Each structure stands twice: as C-alpha cells, then as structure tokens.
Amino acid sequence: MPRAALLDVDGTLIDANYHHALAWYRAFRRSGITLPLWRIHRHVGMGGDQLVPALVGETADRRVGDAVREARSEEYERLIDEVAPLAGARELMLDLRERGLAVVLASSAPQKELDHYLDLLDARDVADCWTTDDDVESTKPQPDLVRAALDRAGTDEGVMVGDTPWDIEAASKAGLETICVITGGFSEQELRDAGAAAVFESVEELRRRLDETPLRYAAAAR
C-alpha cells in the first residue's frame, strides 16, 4: 500500500518539455554543436549531468558540458514565463491528499525554477514536500531523486507519477512502480514498453481513473 505519491513536475504537472528541448538546442548551439531537436526531446527528463553525455558523448561532455549546462539555464530562463500548468495538475494533488497520500513534488530542477512552478501550481499548501537539484548527486535515470523524495516523505512505500521513460527507469531502480501521462511527448506504447504500470492521455484522465492505478490503495485518510 503506497504511502506517498511522487509527482514529477516538468512534463507531468507543468507543460514544459518542449521548452526544455528548445533551451538545450540553443545551449548546444552556443558551444558550436547543432543537434536535431527531436533527438534532444527524446532525452528531456534526464538532468543535465546525464543528458549532455548521452547526446554528445563523454569526451564532448568533459570539453563543453559545463558551458552547455550553464547556457541551458540562461536559455530556459528566457522561456520559463511561457510554461503553464497542465489542466488538472493542482486538482490531482488534492485528490491524492484526500486519499491520505503524502504528495511529494519529485523534481531535480534548480530552486529558482521550482519556486516558479510552485507559484504556478499554487502548490505550497497542497504538496507535503518537494525536492530540487540540491537533493541529488545524479539525476534521472539514476534513482537518487526518487530515494530523496521518499526520504522527504518519511516512507519507502510510494508510487511515481511521470511522463518519460527516465521517470520509469529511476523509479524502478528504487523499487517503485510508475504511472505515466503522455503530456511530455512520449507515446503510450513507448511508456508501456519502458515498464509503466498505467498510461493516461492527460492529467485529467488520470484523475478520473485513479481507481485503475496502483494509487487506488492509499494510506488512511488524513
């Protein structure tokens, strides 16, 4: 029986994955590297420590990785005011609280970005706790973030809610199942092939069908 719902933020609660892909594209260009935007998108959901070497290799990461990651932060700052919550995101958190679950925003975003998301979602009085990049050594698909989120919730029993194969892989390494939405741009088949326990078209559909997911069993109501 899960005690906590670990909610990915970018792409799951906030419609931001394509903004991230564009920010990375521009950041790589600033270091003289032009990559197809679709390839970058396929790696969104990884943190920068994982995404850069995955796209350009370890040698290039050692050469320009830090510059690319710094540039990504600058480029995304120019785009962040254009991102918006996905329909039903805050309501999903309320639904989960009503079921007695601790709601954890499992993010490896910098604190400044997460603060913006908390404001957009009006989530400070809804989420029980959250994580940032300060809480992890290695980002997804490594399990550090999932374990940090569980630690924040004070339990080792939870379910991940995400939108990318990297969410699924990180959660699996920490022993958790993942429920997915396709709002981040990965297809239902891709997410099922990666091991998702359930996949939904939107946050609103997930809300309507929570009883068909591993979240149907929850801790005692608050």
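Me: What does the lining of the largest pocket have by class: how many nonpolar, polar and charged residues?

Reply: The lining holds 9 nonpolar, 10 polar and 11 charged residues. Ala, Val, Leu, Ile, Met, Phe, Trp, Tyr, Cys and Pro count as nonpolar, Asp, Glu, Lys and Arg as charged, and the others, Gly among them, as polar. Bear in mind that this is a predicted model, where local features need pLDDT of at least 70 and side-chain atom pairs 80 or more, while totals for chains, interfaces and linings use all residues. Residues are numbered from 1 along each chain as its sequence is written, and side-chain values use heavy atoms, with hydrogens and water left out.

Me: Thanks! And which residues lie nearest the centre of that largest pocket?

Reply: Met 46, Gly 47, Gly 48, Ser 108 and Ala 109, out of 30 lining residues. A pocket here is an open set of points on a 1 Å grid over the protein atoms alone where a 1.4 Å probe fits, with protein on both sides within 12 Å along at least five of seven lines; lining residues have an atom within 4 Å of a point. The volume of the largest pocket is about 560 Å³.

Me: Which elements give two or more residues to its lining?

Reply: Those are α1 and α3, and α3 gives the most, with 7 residues. Helices are DSSP runs of H or I with at least four residues, and strands are E runs of at least two.

Me: How about the second largest pocket, which residues line that one?

Reply: Ser 73, Tyr 76, Glu 77, Ile 80, Asp 81, Pro 110, Lys 112, Glu 113 and His 116. Here α3 and α5 (111-121) are the elements that give two or more residues. The classes come out as 3 nonpolar, 2 polar and 4 charged, and the volume is about 180 Å³.

Me: Back to α1 and α3. At what angle do they pack?

Reply: Helix α1 (residues 17-30) and helix α3 (residues 48-79) pack at about 115°, their axes 7 Å apart. The residues of this contact split into 13 nonpolar, 3 polar and 7 charged.

Me: Nice. In what order do the strands of the sheet run?

Reply: The open sheet has 6 strands in the order β5-β4-β1-β6-β7-β8, with parallel pairing; two strands pair if DSSP finds at least two bridges between them. β5 (129-130) and β8 (198-200) are at the edges with a single partner strand each, so one side of each has no neighbour in the sheet.

Me: How many bridges join β1 to β4?

Reply: 4 bridges join β1 (residues 4-7) to β4 (residues 102-105), and Ala 4 has Ala 102 as its bridge partner in β4.

Me: Last topic, the backbone. Which peptide bond is cis?

Reply: The one from Lys 140 to Pro 141, with omega near 15°. Pro 141 sits in the loop between β5 and α6 (144-153).

Me: And what is phi of Asp 122?

Reply: Phi of Asp 122 is near 50°, a positive value in a residue other than glycine. You'll find Asp 122 in the loop between α5 and β5.

Notes: Axes are lines fitted to C-alpha atoms, for helices over the stretch in contact, and angles run from 0 to 180 degrees between N-to-C directions. Grid points are joined across faces, edges and corners, and a volume is the space filled by probe spheres set on the points.
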